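Student: I would like to learn to read a two-chain model. Please take me through it feature by feature.

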Amino acid sequence: MSTVIHEVADRAIVQARAHDNIVVGDEIVRHRRATRLIHWSVALTFFVALFSGMPIWTPIFGWMAALMGGLDVARVIHPWAGVAFFVASVFQFFHWLGDMKFEPGEKGWFGPKLLSYMRWETGPSEGEGKYNGGQKVFFYMVNLAALAFLLTGIPMWFPMNFSSMLRQVCILLHDITFILMLVSIIGHIYLGSAAEPGTFRAITRGTVTRKWAKFHHPGWYRKVTGEKR
Amino acid sequence: MSEQALDIKRASASVWGSRTGIRTTATVAKYIDASTCIGCKACEVACQEWNDLPIVPTEQTGTYQTLPGLHAQYWNLIRFQEHSTGDGEMAWLMRKDQCMHCAEPGCLAACPAPGAIVQYANGIVDVDASKCIGCGYCATGCPFDVPKFQEASGKMAKCTLCVDRVEVGLEPACVKACPTGCLNFGTKDDMVALGNHRVEQLKANGFKDALLYDPQGVGGTSVVTVLPLGNPQLYGLPADPNVPVLVRVWKSFIRPIGVLAAFGAIIGSFMHYTKYGPKEPPDSDAGDRAA
């Protein structure tokens with residue numbers, strides 16, 4: 001009996017994973033397949049750009065050039081990986097935008113609230129939706145960074161068509177954007193894996209457990225399950 | 001000129017060059033006297049011939065100048081400037097434009113490819129095309145706008161101070177070809193002495209502002225130019241060239257900070273995990289936190 005139910009439930013999950021915010025048995029679909037593919041397109045193109053850009057950035061990371069087939073190959077790949085990253089980011093931006101409206105009280109996520117969150121001090125507030133303020137800040141930061149990388153990257157790609165002063169400024173802004181992005185991405189990967197167990201599967205299998213949803217995003221959990229508090 | 005060792009004093013994106021420091025090598029320099037240049041362009045032709053550079057079609061700019069500026073296949077250009085002396089007279093200022101071979105090269109500082117730009121022990125700054133990735137950072141770092149992008153190869157190119165001639169004890173091709181003796185080649189000390197002597201002569205003959213252009217902002221150059229009218233800007237030279245401040249900022253300040261930030265974020269994540277551990281739902285619903 002229980003075996004049969006499980007089989008039915010498994011099939012249902014496979015089908016349900018194509019749709020967001022659906023409860024299937026003990027699991028909730030958090031990211032449907034399209035969402036996950038967009039996320040991994042952004043991640044893959046970012047990492048190709050990262051591994052081709054960092055050996056040019058400083059010789060300390062020169063060993064990364066070997067992954068690209070040499071520094072000269074990295075120089076050829078990097079701008080194209082950057083363009084691919086930007087295109088993926090555009091899809092990402094419009095795909096997620098609807099869920100990323102700031103709610104009152106979420107502005108604090110730019111500073112103090114992020115710090116207290118990182119000390120595991122603040123639990124999710126009652127109104128916590130599908131994404132918390134920190135995730136929204138990260139979302140806008142990444143997409144803004146993608147635009148900044150593109151705009152500052154073009155004069156670096158075709159240096160002889162732009163003035164020396166513009167190139168100097170662009171390299172500086174490209175650098176600063178990259179440092180902010182790199183630190184944020186390391187934090188993103190940490191929070192999405194080791195720091196918060198049960199999170200990583202949301203972006204691979206697409207589903208999270210009820211328990212996880214209720215704990216991390218109670219507002220979203222109640223909305224999806226229709227459960228009263 | 002004694003044979004010059006091709007020991008590398010400094011290489012781009014590298015900690016050390018290949019110089020052991022055991023041998024001492026004199027810094028070499030090219031001397032240019034703008035007061036005796038007649039604009040014959042023999043140096044341009046000699047440069048093209050010796051370096052086997054295919055000719056670039058001339059572009060008419062309204063003067064006798066061969067091209068509007070230096071080119072990846074044209075490393076030596078006599079610039080013709082028309083200058084009104086203020087008393088109704090016109091002076092034609094001719095200046096040999098080429099790589100200045102700075103003692104503190106901005107191109108080398110900016111270059112991200114290890115060993116693509118080298119400074120030999122004798123002061124010559126050269127591009128190793130086999131290591132160049134054609135990013136153009138050298139052009140961004142150069143206060144004289146010298147390195148040029150070669151479309152066909154995707155590499156940067158510029159004057160080598162005929163390092164292949166200098167290493168076997170010959171003077172650069174342009175110096176060999178110059179018919180008026182306005183070019184000379186030797187140790188930096190000798191060329192500066194020659195330049196100072198010429199400046200004194202010019203001053204005694206009415207050129208009271210004459211000076212020897214050896215800009216200290218880039219540590220001095222291995223191409224020194226006697227400017228009879230003094231003011232370098234009249235000749236299209238920057239008055240006080242320096243490696244651009246922003247290049248210094250991102251190369252020596254922002255990037256080291258970025259490297260520390262990257263490792264800091266990784267170490268910080270580990271430290272955070274060891275202190276706070278994973279954030280997990282409580283075992284029982286009774287432990288569900290109140291808002």
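Tutor: Start with helix H1 of chain B, residues 42–50. Helices are DSSP runs of H or I with at least four residues; strands are runs of E with at least two; both are numbered from the N terminus. Buried means that 20 or more other C-beta atoms lie within 10 Å of the residue's own; 12 or fewer is exposed, in between is partly exposed, and C-beta atoms are placed from the backbone. In H1(B), Cys43(B), Glu44(B), Ala46(B) and Cys47(B) are buried.

Student: Why do the buried residues of H1(B) line one face of the helix?

Tutor: Look down the axis and take the directions from it to the C-beta atoms. The buried residues of H1(B) fall within an arc of 165 degrees, so they line one face.

Student: How should I treat the model and its numbering?

Tutor: This is a predicted model: local features need pLDDT of at least 70, side-chain atom pairs count only at pLDDT 80 or more, and totals for chains, interfaces and linings use all residues. Residues are numbered from 1 along each chain as its sequence is written, while chains are lettered from A and ligands numbered from 1 in the order in which they are written.

Student: What covers the buried residues of H1(B)?

Tutor: Think in contacts: two residues touch if their C-beta atoms, placed from the backbone, lie within 7 Å. The cover includes strands E3 (77–84) and E4 (90–97), helix H5 (173–177) and strand E9 (183–187), in chain B. After H1(B) comes Asp52(B), with a positive phi near 55 degrees.

Student: How do I read the nonpolar core?

Tutor: A nonpolar core is a set of buried Ala, Val, Leu, Ile, Met, Phe, Trp, Tyr and Cys residues joined through C-beta atoms within 7 Å. The largest one has 102 residues. Cys107(B), Cys111(B), Ile117(B), Cys138(B), Cys174(B) and Leu183(B) touch the most other members. H2(A) gives the largest share of this core, eight residues.

Student: Which residues does Ile117(B) contact, leaving aside neighbours within four places in sequence?

Tutor: Ser12(B), Cys107(B), Leu108(B), Cys111(B), Val125(B), Val127(B) and Cys138(B). There is also a second, separate core of nine residues, which includes Trp212(A), Ala213(A), Phe215(A) and Trp220(A).

Student: How many residues of each chain are in contact with the other?

Tutor: The size of an interface is often given as the accessible area lost when the parts come together. Here we count residues: 39 of chain A and 36 of chain B. On the chain A side, helices H2 (33–57), H4 (71–96), H7 (164–192) and H9 (210–216) each give two or more residues. H7(A) gives the largest share, 15 residues.

Student: What is the make-up of that side by class?

Tutor: It has 24 nonpolar, seven polar and eight charged residues. Ala, Val, Leu, Ile, Met, Phe, Trp, Tyr, Cys and Pro count as nonpolar; Asp, Glu, Lys and Arg as charged; the others, Gly among them, as polar.

Student: What is the overall build of chain A?

Tutor: Ten helices and three strands. The C-alpha trace spans about 70 × 40 × 30 Å along its principal axes. Of the 229 residues in chain A, 33% are buried.
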